[in-house]
Structures are given as C-alpha cells and as structure tokens.
Amino acid sequence: MPSFLPPPRVNVLGVGISVLNLDSAVQVLADALEHGRCGYVTITGVHGVMESQADAGLRDIHNRSLLSTPDGMPMVWLGRLAGHRQMGRVYGPELMERIFAWSEKSGRTHYFFGGADGVAPELKARLEKRFPGAKVVGTFTPPFRPLNAEELESLRQEIGRLKPDFFWVGLSTPKQERFMAAHLELLEARIMVGVGAAFDFHAGRVRQAPRWLQRSGFEWLYRLAQEPRRLWRRYLRNNPLFVWKVTGQLLGVRRYPAP
C-alpha cells in the first residue's frame, strides 16, 4: 500500500493552506485513517490567518496540522491564483456532512466535544437521523473554562474506551485550534476536526447563509447581520487588514516565511 501523502499547501501570510476541495478532503482523511495517521484539522479562513499574524504559536499550530482547509473564498482565490485550479472551499459544516455521509458505509465513528448546553446531544440526534448508518459514540459539553485535571482525566479515559475515529471540536477560533494541538496525544484521538459554528448550524440553533452567498465571498456580511455585537470587531477590522497584507505579499513588498 502506498504511504500517506498530505496535499501541498499555499502560503497565505505565513499560514499553509492545504490544496483541497470537498471531495479531496474526504479522500485525504479516509486515507489518513487507513494508514493509521493521527492529527488535527483546522478549518482556516481569514479570521484564523489574521489571528496568526500576532501569534506565532497559533501560526505554528495551523502549520503543524494534518490539514488546514481553505474555509472562505479568499483562501480559494489565492490558491487558484497560485496555480491550483482544482482548489475549492472546504467549509466546516459541509465537510462534516460529507464525512458523515461517507461514514455511513465505512463504519467510522464520531465524538462531539463542544457547544453550549444541550447542543452536542441535539446535534447527535439530528445527524444520526439524517445519516442513519453513522455512529456517534459520545458527546461532551465542556465548561467555559479550561478543563481541570479530574475532568481531563475522565475525558481521556472515555476517549480511550470509545476510540472514535473523528473527534469533532465545536469551540470558537482560536480556542479550538489550541485545544486540539494541546490534547491530541493526551486523548489518543485519531482525527480531530475543529468546526466551530457547525455544531450550532447542524443542531438547528443558528441559520446558515444561502449557498450562493457562501460562494460569493460575502458570507461574512450574513454572519455579521446575525451576530453584530460578537462579530463586528472580527470582520470590520480583520477583513480590510487581510486585503492590505495579502496585496503586499502578492506584490512582493513583504515576504512571509513559508510554512
């Protein structure tokens, strides 16, 4: 059997974005499991890239990931500009759907970590109804603080007993990225995937933007209209600064170390 080969990456302000589309992302993760590879997946858009500009540790977390998928059309456009015409958006909620559909036949199992009270059990019920052959072997709703030693040991024992193939993390960015990088080996998880708001979307708590708006590059306006108090700083500060920095990178005015 050929060895597992991760896809190449595109350097976006020093963050390596994996050259993927939804179909190839599912195939890469299936191959990783088949070859016994463990790792975490970051769903990386403008917010994650910009948070990494002032945080070298977070940038390193993205660059050490098994995959950092192109979440958001700016990542896709930059990948295609670099010559990767097959690159497409790999959005957390859609990747989750594709993996669940694939796992109906493959028998791969799932575990949910994150979300507000009641979200993870509701998510389990909804996805098992949509994908009857899929198996969610457990859920955990963490407190709004780091886990204490007792909680972490209890989680470690549960994951060791259940051995889920996919450990889905529904926290915010960059909290979920830091959690995955810090706990991958401790929890003996196979594939951790940080999908953030996908928990709320698939549990029916928050409405997603229409598909045409997602692919237009202006989904952020829809999200901003839904949660202006929480998101206005993120979008109205990060987006213009991202355009400015990327323009400088493309023109060669500033170089960013390749991951």
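Biologist: Lys124 and Glu128 both lie in helix α6 (residues 119-130), four residues apart, about one turn of the helix. In this predicted model, what do the side chains of Lys124 and Glu128 form?

Modeller: Side chains of opposite charge can pair when their charged atoms come close. Here Lys124 and Glu128 meet in a salt bridge, with 3.1 Å from N to O. Lys124 is partly exposed at 25% relative accessibility, and Glu128 is partly exposed with a relative accessible area of 25%.

Biologist: Which salt bridge partner does Asp55 have, and how far apart are the closest N and O atoms?

Modeller: Asp55 pairs with Arg178, the closest N and O atoms being 2.2 Å apart. This pair links distant parts of the chain, 123 residues apart: Asp55 belongs to the loop between α2 and α3 (56-63), Arg178 to helix α8.

Biologist: Is Asp165, which forms a salt bridge with Arg108, buried or exposed?

Modeller: Asp165 counts as buried because its relative accessible area is 8%, under the 20% limit. Arg108 is also buried, at 18%. Their closest N and O atoms are 3.3 Å apart, and a network of salt bridges links Arg108, Asp165 and Arg190.

Biologist: Which residues line the second largest pocket closest to its centre?

Modeller: The pocket holds about 210 Å³ of space. Of its 13 lining residues, Arg145, Pro146, Leu147, Lys175 and Phe179 are the closest to the centre. Helix α8 (residues 175-187) supplies the largest share of the lining, five residues. By class, the lining has nine nonpolar, one polar and three charged residues.

Key:
Residues are numbered from 1 along each chain as its sequence is written. This is a predicted model: local features need pLDDT of at least 70, side-chain atom pairs count only at pLDDT 80 or more; totals for chains, interfaces and linings use all residues. Side-chain values use heavy atoms; hydrogens and water are left out. On a 1 Å grid over the protein atoms alone, a cavity is a set of points where a 1.4 Å probe fits but cannot get out, and a pocket is an open set with protein on both sides within 12 Å along at least five of seven lines; lining residues have an atom within 4 Å of a point. Grid points are joined across faces, edges and corners, and a volume is the space filled by probe spheres set on the points. Helices (H or I, at least four residues) and strands (E, at least two) are DSSP runs, numbered from the N terminus. Ala, Val, Leu, Ile, Met, Phe, Trp, Tyr, Cys and Pro count as nonpolar, Asp, Glu, Lys and Arg as charged, and the others, Gly among them, as polar. A salt bridge is a side-chain nitrogen of Lys or Arg within 4 Å of a carboxyl oxygen of Asp or Glu. Buried means under 20% relative accessible area, exposed over 50%, partly exposed in between (1.4 Å probe, protein chains only).
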